[in-house]
Amino acid sequence: MDMNVTEIVEILTLVLFFVGFYGLITTTNIVKSIVFISLIETAVVLFFLGIGYQMGIMPPIGTDLDYANVADPLPQALMITAVVIGLTGTAVNIVMFITIFRKYGTASWENLKNKNSEQGLC
Amino acid sequence: MTPILLGFLIITGIFIVLERNIARIIIYLAIFSLIASVCYMLMGSPDVAMAEAIASAFTVIFFIICFEKYFSFTDAVIGTSGIAGRRIIPLVFTLGLFGLVMYFRPISYDTMYLGELYLANFTTDVGGENPVTAIYLGYRVYDTLFEALVVVVSVVAAIHLSAFSDEKVKTGQLITKETHSEVHESGLAVYAIQIICPLMLLYGVYLVLNGHLTPGGGFQGGLAIASFFICRYMIYNVTDLPIRKIIRMEELVFVSITIFAVSIVFLGAMAYLPEDLYLTFQIGYMLIMNGLIGLKVACGFIILFYRYIVIEHDGV
C-alpha cells in the first residue's frame with residue numbers, strides 16, 4: 001500500500017479528530033468537554049489546510065507565483081474565520097459553564113443530570 | 001516534518017484524554033495549540049498560523065481566569081455503569097466511525113481550480129499582494145460579514161448569560177476591592193511588560209495596516225490589540241475602561257462594516273470611478289475594511305476579557 005504524504009497528513013488529521021471525539025463522548029467533566037470541542041476544531045482546520053499538501057509547500061504571498069508549489073489560498077481564508085469563531089464559541093461555552101456551576105454547584109454532567117431529574121426538569 | 005508534528009499533536013490529544021487534573025489539561029491545551037500553529041505554518045498558511053497563535057493565547061487566558069476556582073473538581077466516577085460502559089463501548093463506537101470515515105474518505109485531487117482562478121486574478125479584481133486577504137475581503141466577503149455578526153452575537157450572549165443583579169455591574173462601575181492579579185507586585189514583571197506592551201500595540205496596528213501586503217489582517221491585528229489591554233490590566237490592576245461605550249462602539253462598527261461592504265462590493269460603487277482612481281480606491285477599501293474588522297474584534301475581546309474579570313471577582 002503506497003501512500004503519498006498528502007494522504008498521510010489527511011489520515012493523521014482524521015485520527016486527531018477521532019481522538020477528540022472519543023474524549024468528548026467519554027468525559028463526564030464539563031470543562032473537559034469544552035477543551036475537546038476546541039481540540040476537534042483544530043483537527044478540522046488542519047484537515048482543510050492539509051488538502052493538497054506537499055513537502056516544502058510555499059505560502060501564497062506575492063504576485064509571481066508558481067502554481068505547482070503554492071498552497072491553496074481558499075481554505076486558508078475560510079479557516080481564519082473558523083479560528084476566530086471557535087475562539088468566541090469557547091468564550092460563550094465558558095460563560096455557560098460558570099452559570100451552570102453557580103446554579104447547581106457541580107462540574108459533572110452526571111451530577112447535573114441527577115439534580116435536574118430531582119427537580120423534574122428532564 | 002508535518003506528519004511528525006501531527007503525530008505529536010495526536011500524542012498530546014491522548015494525554016488530554018487520559019488526564020483528570022484540569023490545570024494540567026489547560027497546560028496541555030497550550031502546548032497543543034503551539035504545535036498546531038507550527039503545523040499551519042508548515043502547511044503554507046502563515047495567516048492561519050498567526051491567528052491560531054494569538055487565539056490560543058486568549059483561550060488559555062480565559063480558561064485560567066475562569067477555572068481558577070474549579071481546578072479542584074475532577075471527574076466524578078459514575079457508579080451505575082462499569083468500565084465497559086464508560087470506556088470500551090465508546091472506544092468501539094469511535095473506531096467503527098473512524099473505519100467508516102476511512103472507507104468513504106474523500107480523495108484528494110491535485111487540482112485547485114478555484115484557488116488558481118483566485119491566484120491569477122486577485123490583483124486586478126480586489127488588489128493587494130496577499131490572496132488570502134483578497135479572498136476574505138473581496139470574493140467571499142459574505143463570510144467576513146457573518147463572522148463579524150457571530151462575534152457580536154457571542155459578546156451579547158456572554159453578557160446576557162452572566163447577567164447579575166449586582167448594581168455596580170449594571171452601571172458599568174467595575175470597582176473591585178480585592179486584587180485579582182499579583183503581577184503588579186513583582187517589579188521585574190512590571191518592568192518587562194511595560195517595555196513589551198507598546199510594542200504589542202504597535203505590532204497589532206502593523207498587522208491591521210499591512211494585511212493586504214503581508215500575512216496578517218483584521219482578525220489577527222484585532223486580537224493583538226486586545227492583548228495589549230490584557231497586559232495593561234495585569235500591570236496596573238485597573239478596571240476603569242468604559243465597557244458600556246466599548247459595547248456601543250462595537251455595535252456601531254459592525255453596522256458600518258455591513259454598510260460599507262454592501263455599498264462597495266454588492267452595489268459595485270467602484271465601477272463608477274475613473275480608471276486612475278480605481279487602483280487607489282481598491283487599496284483604500286482593503287485598508288478601511290481591515291481597520292474596521294480589527295477595531296471590532298479588538299472591542300469584542302476586550303469586552304469578553306473584562307466580563308470574565310467581573311465574573312471572577314463576583315465570587316461563587
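Residues are numbered from 1 along each chain as its sequence is written, and chains are lettered from A and ligands numbered from 1 in the order in which they are written.

View 1. Chain A has 4 helices and 0 strands, where helices (H or I, at least four residues) and strands (E, at least two) are DSSP runs numbered from the N terminus, and the order along the sequence is α-α-α-α. The radius of gyration of chain A, taken over C-alpha atoms, is 20 Å, well over the 14 Å that the globule rule (2.2 Å times the number of residues to the power 0.38) gives for 122 residues, so chain A is more spread out than a compact globule. The C-alpha trace of chain A spans about 65 × 40 × 20 Å along its principal axes. Within chain A, confidence is lowest in α4(A), with a mean of 74, and highest in α2(A), at 90. Where pLDDT is low, the predicted coordinates should not be read in detail.

**View 2. The side of chain A that touches chain B.** Here 72 residues of chain A are in contact with 76 residues of chain B, a contact being a pair of residues whose C-beta atoms, placed from the backbone, lie within 7 Å. The elements of chain A that give two or more residues to this side are α1 (5-26), α2 (30-49), α3 (73-104) and α4 (109-118), and α3(A) supplies the largest share, 23 residues. By class, this side of chain A has 46 nonpolar, 21 polar and 5 charged residues, where Ala, Val, Leu, Ile, Met, Phe, Trp, Tyr, Cys and Pro count as nonpolar, Asp, Glu, Lys and Arg as charged, and the others, Gly among them, as polar.

View 3. At 1.5 Å a residue, the 22 residues of α1(A) should span 32 Å, and the end C-alpha atoms are 32 Å apart, which agrees; the expected span is 1.5 Å times one less than the number of residues. Residues of α1(A) that are buried include Val9(A), Leu12(A), Leu16(A), Phe18(A) and Tyr22(A), where a residue is buried if 20 or more other C-beta atoms lie within 10 Å of its own, exposed if 12 or fewer, and partly exposed in between. Ile8(A), with 15 C-beta neighbours inside 10 Å, counts as partly exposed. Apart from residues up to four places away in sequence, Ile8(A) touches Met3(A) and Pro3(B). Ile8(A) and Ala82(A), 74 residues apart in sequence, are 23 Å apart in space, C-alpha to C-alpha.

**View 4. Thr94(B) beside residues of chain A.** Thr94(B) is part of helix α4 (residues 83-103) of chain B and counts as partly exposed, with 19 C-beta neighbours inside 10 Å. When neighbours within four places in sequence are left aside, Thr94(B) is in contact with Phe18(A), Phe21(A) and Tyr22(A). The C-alpha atoms of Thr94(B) and Lys296(B), which are 202 residues apart along the chain, are separated by 40 Å.

**View 5. Tyr67(A) in a loop.** Tyr67(A) lies between α2 and α3 of chain A, in the loop that joins them, and is exposed, with 12 other C-beta atoms within 10 Å. Residues up to four places away in sequence not being counted, Tyr67(A) touches Glu116(B) and Leu119(B).

**View 6. The largest nonpolar core.** Chain B, with 12 helices and 0 strands, has 35% of its 316 residues buried. Of the 104 residues in the largest nonpolar core, Ile80(A), Val83(A), Val48(B), Ala51(B), Leu223(B) and Phe301(B) touch the most other members; such a core is a set of buried Ala, Val, Leu, Ile, Met, Phe, Trp, Tyr and Cys residues joined through C-beta atoms within 7 Å. Helix α12 (residues 275-314) of chain B gives the most to this core, namely 16 residues. Phe301(B), neighbours within four places in sequence aside, is in contact with Phe58(B), Leu223(B) and Ala226(B).

Technical notes
This is a predicted model: local features need pLDDT of at least 70, side-chain atom pairs count only at pLDDT 80 or more; totals for chains, interfaces and linings use all residues. Two residues are in contact if their C-beta atoms, placed from the backbone, lie within 7 Å. pLDDT is the predictor's confidence in each residue, from 0 to 100.
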